[in-house]
Amino acid sequence: MQSLRVQLESYNYQYYVLDDPSIPDSEYDRCLRRLQELESQYPELVRSDSPTQRVGAKPLDQFQQVSHEVPMLSLDNAFSADEMVDFNRRLLERLGGTQSTLEFACEPKLDGAAVSLLYHNGVLVRGATRGDGKTGEDITQNVRTIPSIPLRLRGEGYPAELEIRGEIYMPKAGFEKLNEIARSRGEKTFVNPRNAAAGSLRQLDAKITATRPLEMCCYSVGLVRGGELPEQHADILSLLQTWGLRINADSQVVTGIDACDAYYEALAVRRDDLAYDIDGIVFKVNSLALQDRLGFVSRAPRWAIARKFPAQEELTQVLDVEFQVGRTGAITPVARLAPVFVGGVTVSNATLHNMDEVARLGLYIGDTVVVRRAGDVIPQVASVVTARRPEDASPVVFPQSCPVCGSVVEREEDEATLRCMGGLICAAQQKAAIKHFVSRRAMDIDGVGAKLVDQLVDEGLVKNSASLYSLEPEQLLSLERMGQKSLDNLFASLEVSKQTTLPRFIFALGIREVGEATALSLANHFGSWEKLVSATESQLLEVDDVGPVVADHLLQFFASQTSLAVVHTLRQAGIIWADIDVVDSGELPLAAQTWVVTGKLETLGRSEAKSYLQKLGAKVAGSVSARTSCVVAGPGAGSKLAKATELGVEVIDEAAFIELLQQLGAKE
């Protein structure tokens with residue numbers, strides 16, 4: 001039994017702390033089941049630190065209070081490089097000129113819940129929340145369920161009493177999965193990973209906590225008795241890792257405040273690619289001796305500071321809800337917001353997705369809401385602050401007919417989306433379809449922007465994409481901002497666009513669910529438009545990326561005389577492409593390989609790189625796994641590059657990738 005415990009804890013350490021599993025899950029499960037059988041047979045030999053004891057205690061009636069012998073302090077914040085320079089100046093002044101420059105330990109500031117873990121002779125005896133810094137809540141049963149928290153420390157040399165501080169958080173993937181399960185059950189979803197982590201820790205039933213995908217990362221120590229620790233903060237963290245605790249792999253020691261700024265900027269670029277949320281960077285003077293000299297002020301240490309990233313969540317008010325009609329007739333509710341600065345930009349609109357989302361949020365017009373924006377993600381309403389609902393708030397009423405053309409709206413079975421059934425008689429659908437057709441990744445018609453498309457449709461000059469090619473110059477001269485030079489550029493672009501490729505043309509048609517990758521797969525599989533348009537359902541289903549839903553949308557398009565008439569008119573207007581020689585995908589150079597493209601590619605661009613890979617037979621995935629053949633990494637590559645390095649997956653830069661394309665004859 002002891003041998004199995006040691007073995008399982010070793011597996012846990014490799015999996016949860018080092019991110020380097022040494023065995024398959026099935027072998028771990030076999031070892032765990034064997035230990036469970038033995039402990040069931042000999043219950044008197046069950047130990048509190050056994051891997052089998054992570055869940056099982058009875059639900060609590062309430063949490064007990066815990067006093068922190070060493071207070072859990074908060075941090076002062078900085079919001080700019082100038083404030084960091086001031087922070088550094090204050091440190092040097094307080095040290096009386098004995099230091100000309102300082103060494104800092106830099107750590108991502110995880111967005112979770114701060115906790116304290118107390119170990120007696122290496123055994124976990126207590127877990128507690130931060131609370132007010134002096135008094136927290138006893139959450140021992142709950143922290144015991146988190147796999148990255150060891151029930152017994154590894155190795156030797158740890159103090160008799162050791163308190164470890166850290167952040168319990170929920171990775172983004174786990175958060176999305178948790179909310180997906182909640183939505184499928186009709187339950188309330190969590191607003192963000194931080195709230196999900198905090199809520200999971202405060203469950204009175206530890207069995208519920210055990211089902212939540214929580215992790216812990218250590219950032220410091222508190223109480224230490226009966227032993228000594230290194231004199232550098234970073235060395236302490238490294239030692240904690242050898243004892244079985246997770247530390248952040250992106251932590252780094254730098255010298256000087258300029259290096260702190262460089263670290264901050266580098267993490268800011270990678271922020272959205274990380275597997276977890278961070279809201280800033282924590283900078284700590286690395287020397288414990290200097291920390292003691294610098295001391296504390298109020299509730300925060302003088303020797304540490306958190307430089308915050310721009311907020312990704314803010315409060316604002318919903319002024320109205322309007323309804324937009326897309327190119328497939330989907331009617332999307334959009335919240336018009338009182339402008340608010342969030343995620344680095346001013347936000348005044350946020351998508352509400354569909355009827356079900358509005359109902360889930362319980363949103364009324366006039367409500368105060370939490371708006372969330374992370375990186376390039378479209379702003380979304382994360383939750384409603386019902387306590388601030390004004391008396392004159394009104395419910396959101398969905399339209400009974402299309403708000404643009406007045407046509408009937410329908411909600412298809414198993415869909416949350418309302419759709420206008422007006423088709424191309426609907427001006428909104430006309431505009432959206434034409435904007436898609438002329439976009440850079442479709443027909444790439446420069447000079448036909450969104451505002452011009454709106455004018456052309458509103459003036460009755462075009463009704464579909466084919467109408468663009470029958471325009472006459474004199475029809476456009478009266479339009480706003482349409483001078484002779486703009487006119488010449490527009491018609492030159494229309495002429496150039498007539499020379500295209502079959503994948504671009506298929507994508508430009510805007511068939512539901514047919515994106516760039518699917519259009520490329522269809523073109524490579526059938527080789528010509530004639531073979532594609534005459535394909536049967538079973539033939540369509542033979543294509544990669546085409547399932548029953550996509551096949552049904554394709555067949556509906558091919559059966560529509562209106563759609564085929566537009567295609568015929570486009571071809572009559574002179575749009576041509578070369579047919580593709582159909583090659584057995586198994587004969588292509590990168591057949592059966594899975595590639596990932598990450599970071600910024602400065603010469604090709606990521607979409608072009610993916611297109612080349614698909615033409616060579618590779619599957620392009622969005623995440624890195626042990627089955628990934630190669631990763632193309634540009635500047636700013638984040639968690640995907642780190643994962644590839646951990647798994648030993650081959651990584652090449654853009655220059656090497658272009659060289660490979662040239663060797664394979666895919667690029668001149």
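**Sheets and helix packing in a predicted model**

Q: Which elements have the lowest and the highest mean pLDDT?
A: In this predicted model, helix α1 (residues 2-17) has the lowest mean pLDDT among the elements, at 77, and strand β17 (residues 364-365) has the highest, at 96.

Q: And what is the mean pLDDT of the protein?
A: The mean is 87, and 94% of the residues reach 70 or more.

Q: Turning to the sheets, what is the order of the open sheet of four strands?
A: The order is β5-β4-β7-β8, and the pairing is antiparallel. The edge strands are β5 (123-129) and β8 (215-225), each of which pairs on one side only. From one strand to the next, the twist averages 25°.

Q: Which helix packs on that sheet?
A: Helix α8 (residues 233-242) does, touching β7 and β8. The direction of α8 makes about 110° with that of β8.

Q: How many bridges are there between β4 and β7?
A: Strand β4 (residues 113-120) and strand β7 (residues 161-169) pair over eight bridges, in the antiparallel sense. Tyr-119 stands opposite Leu-162 in β7.

Q: What about the open sheet of five strands; which strands stand at the edges?
A: That sheet has the order β2-β13-β10-β3-β9, with mixed pairing. Its edges are β2 (77-78) and β9 (252-255); each has a single partner strand, so one side of each is left without a neighbour in the sheet.

Q: How do β3 and β10 run?
A: Strand β3 (residues 103-110) and strand β10 (residues 278-285) run antiparallel and are joined by seven bridges. Lys-109 has Gly-280 in β10 as its bridge partner.

Q: Where does α9 lie?
A: Helix α9 (residues 257-270) lies across β3, β9, β10 and β13 (304-308). Relative to β10, α9 runs at about 160°.

Q: Which residue takes a positive phi in the hairpin of β14 and β15?
A: Gly-329 does, with phi near 90°. The hairpin has four residues between the strands.

Q: On to helix pairs. At what angle do α12 and α13 pack?
A: Helix α12 (residues 427-438) and helix α13 (residues 450-458) pack at about 140°, with their axes 10 Å apart. That angle makes α12 oblique to α13, and the crossing is right-handed.

Q: Which residues make the contact?
A: From α12 they are Ala-427, Gln-430, Lys-431, Ile-434 and Lys-435; from α13 they are Ala-450, Val-453, Asp-454, Val-457 and Asp-458. This contact divides into five nonpolar, one polar and four charged residues.

Q: And α17 with α22, how do they cross?
A: The axes of helix α17 (residues 516-526) and helix α22 (residues 606-615) come within 11 Å and cross at roughly 30°. The two helices are therefore roughly parallel to each other, and α17 passes α22 in a right-handed crossing.

Q: What residues are in that contact?
A: Ala-517, Leu-520 and Asn-524 of α17 meet Ser-611, Gln-614 and Lys-615 of α22. Here the division is two nonpolar, three polar and one charged.

Terms used. Residues numbered from 1 in each chain as written. Predicted model: local features only at pLDDT ≥ 70, side-chain atom pairs only at ≥ 80, totals over all residues. Heavy atoms only, no water. Pairing = 2+ DSSP bridges. Axes fitted to C-alpha atoms, helices over the stretch in contact; angles between N-to-C directions. Contact = heavy atoms within 4.5 Å. Parallel < 35°, antiparallel > 145°, perpendicular 65-115°, else oblique. Left-handed = near helix turned anticlockwise from the far one by under 90°. Nonpolar A, V, L, I, M, F, W, Y, C, P; charged D, E, K, R; others polar. pLDDT = per-residue confidence, 0-100.
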